[in-house]
Amino acid sequence: MSFTWSDFEQKITAATTSTDLEIIEHELFGRKAGLLTEALKGIKDLPAIEKKDAAKELNIMKKKFTEMIAAKRTELGGGSIDAIDVTLDLPKKQRGHHHLIPEFMRQIEEVFGRMGFDVAYGPEMETEELNFNKLNIPDDHPARDGQDTFWIKGVENTVLRTHTSPVQIRYMQEHKPPFRMICPGKVYRKDSDATHSPMFHQFEGLMIGKDINLANLKAVLVTALRELIGRDVEFRFRTGYFPFVEPGMEMDMMWQGDLEDSREGKWLEMGGCGMVHPNVLRNVDIDPDEWQGFAFGFGVERPMMIKHQIPDLRAFYEGDLRFLRQF
Ligand code: PHE
């Protein structure tokens, strides 16, 4: 070994940072290859007459280095518990988090996932065929007016999808029933006010089996939404028309909470739902005499407005951190 113990005395004296000290400490006292540790372990192999002196000398060294290191540590002012001022006000670490919309969509996937729903996604640029025709909305159908949207220039018969319902078609083309799936995503329409934005989010649900009925639809929706909102909110279903379901319904949720506003106690529409129309099943080669089921398409922002008492949906998109950081 090409060192002398006094090398270490010098090293300790010369140390300028607590990291230097830690390295020296490790070289000496490290549990595996520390020089002093090894030397102390080696005593047992020495001839009997040397043992006593060697042990005495090494223990003096040990004490000396321990004291020197402790003194140096105090001098450097770091590393020892006494040197930390726990009352010191440290700058707060800024931690990022998801925007509340993707966060809520993740929760939607989780809650429906626990109910056995598969998660599916589809493209935001969609063909007219899937966005409308296959959903039983032909060219000249007046229902198209309600979802008049953005057509893609230069790409024939292509729209920014007006709803997540085309994912129903995509899913049914690829899977054999029975199945249940949920699809969260962005959708686009031409309107904009306090409860409408030209881009918003929906989640679609689809459940097909031999005897899936409206009672199942209601049970699934009410259970999932109550869990997502985290309170016992009030719902109502009323008949509603969508070409791709029969019968069709709309579900409303009541504005309840601390929103001191004329809206309190009024209903807010969450989305549409109903039993999948036999024509839609035929369009994807599923026999409507053998299979039946429900579909729903809900806004993501709407339940969140109720959940967090947010009166204007545009707040979600303004990127104002004072708003976003509250969640
Ligand atoms: N796609 C419809 C909409 O966006 C909602 C809906 C989905 C209605 C599924 C019924 C069934 O308005």
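**Reading a buried side chain, a helix and a sheet**

Reply: Q202 has 8% relative accessibility, so Q202 counts as buried (under 20% relative accessible area; exposed is over 50%, partly exposed in between; 1.4 Å probe, protein chains only). This is a predicted model, in which local features need pLDDT of at least 70 and side-chain atom pairs count only at pLDDT 80 or more, while totals for chains, interfaces and linings use all residues. Residues are numbered from 1 along each chain as its sequence is written, and side-chain values use heavy atoms, with hydrogens and water left out.

Me: Where is Q202, and which residues is Q202 in contact with beyond its neighbours within four places in sequence?

Reply: Helices (H or I, at least four residues) and strands (E, at least two) are DSSP runs, numbered from the N terminus. Q202 belongs to strand β5, residues 199–209. Contact means heavy atoms within 4.5 Å. Leaving aside neighbours within four places in sequence, Q202 is in contact with residues including H163, T164, C183, R189 and F298. A polar atom of the Q202 side chain lies 2.9 Å from the backbone nitrogen of T164.

Me: How many residues has helix α5, and which of them are buried?

Reply: The expected span of a helix is 1.5 Å times one less than its number of residues. Helix α5 (residues 100–114) has 15 residues and reaches 21 Å from its first C-alpha to its last, close to the 21 Å expected. Its buried residues are L100, I101, F104, M105, I108, V111 and F112. They cover an arc of only 140° around the axis (taken from the directions from the helix axis to the C-beta atoms), which puts them on the same side of α5. Among the elements covering them are β4, β5, α9 and β9. Just after α5, G116 takes a positive phi of about 90°.

Me: In what order do the strands of the sheet run?

Reply: Two strands pair if DSSP finds at least two bridges between them. Here 7 strands form an open sheet, ordered β1-β4-β5-β9-β8-β7-β6, with mixed pairing. β1 and β6 stand at the edges, each with a single partner strand, so one side of each is left without a neighbour in the sheet. Strands β7 (residues 245–254) and β8 (residues 267–276) pair in the antiparallel sense over 8 bridges. The bridge partner of M253 is L268, in β8.

Me: Is Q309 buried or exposed?

Reply: Q309, in the loop between α11 and α12, counts as buried because its relative accessibility is 17%. A polar atom of the Q309 side chain lies 3.1 Å from the backbone oxygen of I306.

Methods. A polar contact is a pair of N or O atoms within 3.5 Å; within protein, one must be able to donate a hydrogen and the other to accept it, and residues adjacent in sequence count only if both atoms are side-chain atoms.
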